Amino acid sequence: MNKFFSFISSIPSRFRSLPPASRSVIFCVFPIAAAFAFTYSSSHNTSSSSHPTQPTGEMEHPFLSSSFNIPWSHMAAEHVVPDIELAIERCKKSIETICTNHLGEKSDESGSERNVGTFESTFLALESAQEELNRAWTFVDHLDTVMNAPALREAKNAVLPKVTDLFSSIPLNERLYTVMKVFHDECKRTGKIESMSQAQKRLMDETVNDFEKNGANLSQAEKEKLTKMNAELAQLTQKFSENVLDSTNAFEMLIENEEDLRGLPPTAVAAARQSAEEKGHPGKWRLTLHMPSYIPVMKYLDSSEIRRKLWEGMNGVGSGKGETDNTELIWKILDIRRRKAVLLGKKDFADFVLERRMAKNGARVDEFVSDLHDKIDGFFKKEVRELEEYVAAKTGKEEAEELEPWDLTYWAEKMRIEKYDLDDEALRPYFAVESVVSGLFKIFETLYGLEIRPHPTVDDGGDFEVWHKDVKCFDVFDVVGVKEDGTRDLKHRGSFYADFHPREGKRSGAWMNHLITGAHGEPHSGLICANISPPVNGKPALVTHDEVETLFHEAGHLMHHLLGDVEIKSLNGIHIAWDAVELPSQIMENWCWERESVDMFAKHFETNELIPQDLFDRMIAAKNFRAASFMMRQLSFGKMDIYLHMHVDKYEGDLDDIIDKVTETYVPRTKTKAPSLIRRFNHLFSDSVGYAAAYYSYMWAEVLDADAFSKFKKEGIMNPAVGKKFRDCFLSKGNLDDPDVLFRDFMGRDADPTALLRRAGLLVDGQK
């Protein structure tokens, strides 16, 4: 999910928005959103421009808008503080009303006026009390990730402690906990719970568990200590994220001689030229640390010296002993997380976070990561040795030797091209963004019974507002039948925004986020963001196959949100256990490798021809090239993450030395010691929780997605019946049940732990 880009994730999911999901080195990910005040017909066939416009009365407080057409143009920095403070005040009043209605006035300690209440007056009332603030803060947080500017940053930081304090206070509110616990226990005692819906029972269980997990039973002094910790975590993680963004944007390298760019693909050269011109450097080429610039340099540029400088620049992000150095922030964040977990009765932060996820505890995660490491270690060592031998042969050296870290990607790409006669740049003309997106939509339409249409923005003469002129909007409809006149009978399922290209003020990586979760039967709203190669010299944006996978991944998260069909908003869509939330996203990457589906989106931008069969065959042959190295890299992050969050109290000294010891057998040895990416690792430290003690989730979900896709492979990758079953059993169910139950409903059995290794070609005969 990224997460996101995230919310106050130290607060339980019943009491706040979770972070958004994503796939990038930044994060992503995940969710309570809000309702909106407009009802849509259950069967309409109108144009998508039928969305209601923004009520003028809400313009005074744009962040508190309840309109489905979000008024982005009115959301200025000066509105953040008054709007959020108003939402906080309203939330507090609503919560106090819940307590008073069921327990009497606050001063009455006798309990004589206790009213057990109803599901609507207790659990649903608590959801409603937080809705406006959840929605408003989601908007603030989103704009901070895509249009970061000093005024907005200042306004967000000014109100962040108040937001954190409120959401921290909810599970610590003794009267509120009493209301929820009394009703929950009464339903069990009287048997009333048996007549309640599955969603109602799930919400009650999840809410009471959230209260108890997050301090409801602490003493008053302990509650005050926890509140202070939550506030400090929110501020430290926000600063971490700002430091990463600022130090990333601060770096640039100007190239004056085009000969220095030898080896760089023409698309990347043109993009560097355009970037320099936009920054007032005509006649030069500008290289940055943003991925569309950085990756081609490290992969293709012949100049090892320039690669080294960019590599050093990337490793300087969040480092350098200056204002943007994150080292001390990391230690502080780790320490507070540990102390918080201990205060809440857990051995360490990993056990605190994982208790109600699929993995259950840190020891099981460590075992999962270590087990995968051991199974692929032989393959990994073989790949490292083969690359060193290849470089030695190409450079005329008698013996293989360790490589420089800035040379690894460059020589690996050289080796791949030679071995498979495949250059990613040869594929790029077939991946124009508009064609890729159109084909992706056709896949969703076929599998899930949908129709997806562009929705004109204000910049295009339509009614939907956006936060930047490059953003596009789309509407998603369920096809529910055929009308008498032969036209499709459609029901509005949701809408989303797409923000694909990099710019300053927008964080790096790719992510999905919810914006609005509609009431049951009403549409949802979300977004996908990426930083893929922009259009250059009048040509369409042509992307790499890796970028295609990224788009499919984030769109998978988006469909999980938009196709949610649970009656309780906070249980809908992506509001599920963190280590399962990547399944709907990662499974979509499989459609980037199948001839039938690839032909739906890969067409030459000039000739409209499909990828030639021989080129496609070479792409498939190269799919698992250095698969063990990629997997081991992911495992190294998971090992570093879980170990630090389980054992931070045991370590002092240099952060890199500690990580080197923990991940020694997970990374290739290089001539120059490569520092850890931990100081720019937004996944772990730009949010109070985020992917902390949970980076393993990517590999965990890959096991699930490799297995789940086998059903599509067996019964047809474009089979609507299989798509419908996946939608009905998993995508629509959200947190209605435990993820392993939902997975079994789809597959008819538990997950096959060997599925991932089998797909990657890393399964030894007889291995289990």
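## Basis

In this predicted model, local features need pLDDT of at least 70 and side-chain atom pairs count only at pLDDT 80 or more, while totals for chains, interfaces and linings use all residues. Residues are numbered from 1 along each chain as its sequence is written, and side-chain values use heavy atoms, leaving out hydrogens and water.

## Nonpolar cores

A nonpolar core is a set of buried Ala, Val, Leu, Ile, Met, Phe, Trp, Tyr and Cys residues joined through side-chain atoms within 4.5 Å. Buried means under 20% relative accessible area, with a 1.4 Å probe and protein chains only. The largest such core holds 168 residues, and Phe431, Phe552 and Trp591 have the most contacts inside it. Apart from this core lies another, of 66 residues, including Phe119 and Ile568.

Contact means heavy atoms within 4.5 Å. Leaving aside neighbours within four places in sequence, Phe431 touches residues including Val436, His545, Phe601 and Ile611 in this sense.

## A strand pair

Strands are DSSP runs (E, at least two residues) numbered from the N terminus. In β7, residues 511–516, six of six residues are buried. Two strands pair if DSSP finds at least two bridges between them; five join β7 to β8 (residues 524–529), and the two run antiparallel. Within this pair, His514 stands opposite Gly526 of β8.

## Domains

Domain bounds come from an automatic or database domain assignment. Domain 1 covers 65–101 + 115–217, and domain 2 covers 251–316. Their centres, taken over C-alpha atoms, are 46 Å apart.

Conventions: Buried means under 20% relative accessible area, exposed over 50%, partly exposed in between (1.4 Å probe, protein chains only). Helices (H or I, at least four residues) and strands (E, at least two) are DSSP runs, numbered from the N terminus.
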